[in-house]
Amino acid sequence: MKHERDNASGPRERGRKGHGQGGGRRGRRAFDNGTLRLLILQMIGDRPRHGYEIMDEMEARTAGAYRPSPGVLYPNLSSLEEDGLIACEAADGRRKLCSITPLGQEHLKLNAAKLEARGTKPECGGRRFRREAPPEIADAMDRLKSALRGRFLGRAPGPEAIATAAAAIRAAAETIDALETSPSALPAKDADMTQIITRHRHELRRRELTVREITDITPNMRRIVLDGAELDGFSSLGFDDHIKLFFETGGEKPEMRDYTPRAHDGGTLTLDFAIHEAGPATAWAQGAAVGDTLRIGGPRGSQVIAPVFDWYLLVGDETALPAIGRRVEELPEGVTVVTLAAVTGAAEEQAWQSAATQETHWVHRADAADPAPVLEALEALDLPEGKGFIWIAAEAGVARALKIHMLQDRGHPGEWLKASGYWTKGQADAADKSLG
Ligand SMILES: Cc1cc2nc3c(=O)[nH]c(=O)nc-3n(C[C@H](O)[C@H](O)[C@H](O)COP(=O)(O)OP(=O)(O)OC[C@H]3O[C@@H](n4cnc5c(N)ncnc54)[C@H](O)[C@@H]3O)c2cc1C
């Protein structure tokens, strides 16, 4: 995936979601693929452990910044066991206790340098926490550490003191766990959030327009500019509005396909066609010539997102790029727009001018209906501070996976997210606009 933010960028490896990814607190990925597995092995190498102890230990070592979920931890334990690096037995008849094998110890030795190089020494999460945590929290942590050191380090405390201290720390952790800390989940006090998306109806008209210009803005994105007297009165208020295009294919009725008004300046209407294995819309765009006519209908209505957000995240594939480009270009100064778009390669990337601060990410993928590459890139995204609106459009299965991730794993409020399936693999004319 390629990232660009102002002049900062850094390539990430692309690939399928692995055992070491995702599942961390607040959806933030703490360790890259493989490192988590090594850390788990290291902890079991220190002493035999149960799964829940590893989760506790990981959380303690990272000063609360990361706790692997069971869905992340247990597949890792299974894979370590399958590889003969650990052996797990049901020690107390219920929970499995995992111990390192001689092969596991060899593996750890071989990978010690890798763990060191990746900066995953136990205290690294603590250092990051110290750097990023609010000062009051960091001070309180220091106070707790100093109290613990003073009472327990180099002493032989009695069981009652240990139990009381452990209970107090657990109670504090539970209180903190119950706090709502996601900035995006806090509605602005000064904004009317009752209507996030407002709907505007338009007079439904059919128009016949004429092709004026054809440009391939990338090898697989054809821009067609249309004009004609019938454009009079055309209105498109929302960046993700759609119009119907009509194609005569010899059937009883014309075929209809949805397209985004990429730009409309009164005299012209611009459409961008992603070129793929052709249905009637793509075939028409590929064969279009200046002077040809195209019949369109709509837009029937526009949905306008209230301009009350600090940031916008726009995610999609080639079919979403017309809406994404339009949105980026229309956003004002003072907001951040993060885009994450999946295309076949660098030649398909586009650049947009905007008064907003842009953070651009591109994923290069082979199969537009495979959610894995774009899901992985989305999981790795750190989103800006403040209130954010998320817009997703892609192949229906991909869009659904991305929506579920943002709602369930990242806890983004559902009313601040809009996701649509713009097409469905293997089916003609099969948008899924609600992904119900
Ligand atoms: C609201 C909305 C706005 C849209 N805006 C745009 C836009 O501005 N530009 C744009 O290019 N598309 C846009 N789309 C997507 C477009 O409508 C579909 O891709 C449509 O299926 C294309 O029609 P077609 O006649 O070429 O293919 P169809 O006859 O519908 O399908 C033929 C075959 O192609 C496959 N297919 C369809 N789309 C793709 C694709 N992108 N990649 C690979 N295979 C595909 C289908 O699964 C099917 O097997 C939008 C969709 C919606 C719902």
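What follows is a conversation in questions and answers about this model.

Guide: This is a predicted model, in which local features need pLDDT of at least 70 and side-chain atom pairs count only at pLDDT 80 or more, while totals for chains, interfaces and linings use all residues. Residues are numbered from 1 along each chain as its sequence is written.

Visitor: What percentage of the residues of the protein chain count as buried?
Guide: A residue is called buried if 20 or more other C-beta atoms lie within 10 Å of its own, exposed if 12 or fewer, and partly exposed in between, with C-beta atoms placed from the backbone. The protein chain has 436 residues, and there are 11 helices and 18 strands in it; helices (H or I, at least four residues) and strands (E, at least two) are DSSP runs, numbered from the N terminus. By that criterion, the share of buried residues is 32%.

Visitor: Which residues in the largest nonpolar core touch the most other members?
Guide: A nonpolar core is a set of buried Ala, Val, Leu, Ile, Met, Phe, Trp, Tyr and Cys residues joined through C-beta atoms within 7 Å. The largest one holds 61 residues, and those touching the most other members are Tyr312, Leu340, Val374, Ile392 and Leu402.

Visitor: With which residues is leucine 340 in contact, leaving aside its neighbours within four places in sequence?
Guide: Two residues are in contact if their C-beta atoms, placed from the backbone, lie within 7 Å. With the neighbours within four places set aside, the contacts of leucine 340 are Val315, His361, Val363, Val374, Ala377, Leu378 and Leu381.

Visitor: Is strand E14 enclosed or open, and why?
Guide: Strand E14 covers residues 311-316. Trp311, Leu313 and Val315 point one way from E14, while Tyr312, Leu314 and Gly316 point the other way, and all are buried. Because 6 of the 6 residues of E14 are buried, this strand is largely enclosed by the rest of the structure.

Visitor: Which residue in E15 stands opposite leucine 313?
Guide: Two strands pair if DSSP finds at least two bridges between them. E14 and strand E15 (residues 336-343) pair in the parallel sense over 6 bridges. Within this pairing, the residue opposite leucine 313 is valine 338.

Visitor: How many residues of strand E5 are buried?
Guide: Strand E5 (residues 197-201) is joined by 5 bridges to strand E13 (residues 301-305), and the two run antiparallel; in E13, the bridge partner of arginine 199 is glutamine 303. Even so, E5 is hardly covered, and among its 5 residues the count of buried ones is 0.

Visitor: Which strands stand at the edges of the open sheet of 7 strands?
Guide: The order of this sheet is E9-E8-E12-E6-E7-E11-E10, with antiparallel pairing. Inside it, strand E8 (residues 243-247) and strand E12 (residues 293-297) pair over 3 bridges, and phenylalanine 246 stands opposite arginine 295 in E12. The edge strands each have a single partner strand, so one side of each is left without a neighbour in the sheet; they are E9 and strand E10 (263-264).

Visitor: Is valine 225 buried or exposed?
Guide: Valine 225 lies in strand E7 (residues 221-227). Not counting residues up to four places away in sequence, valine 225 touches Arg212, Glu213, Thr268 and Thr270. Because 20 other C-beta atoms lie within 10 Å, valine 225 is buried.

Visitor: Which residues are closest to the ligand?
Guide: A residue is near a molecule if its C-beta atom, placed from the backbone, lies within 6 Å of it. The shell around the ligand draws at least three residues from each of domain 2 and domain 3, and strand E9 (255-259), strand E11 (268-274), helix H8 (280-287) and strand E18 (417-423) each supply at least two. Of the 29 residues that surround the ligand, the closest are Ala274, Gly279, Thr282, Ala428 and Ala431.

Methods
Domains from an automatic or database assignment.
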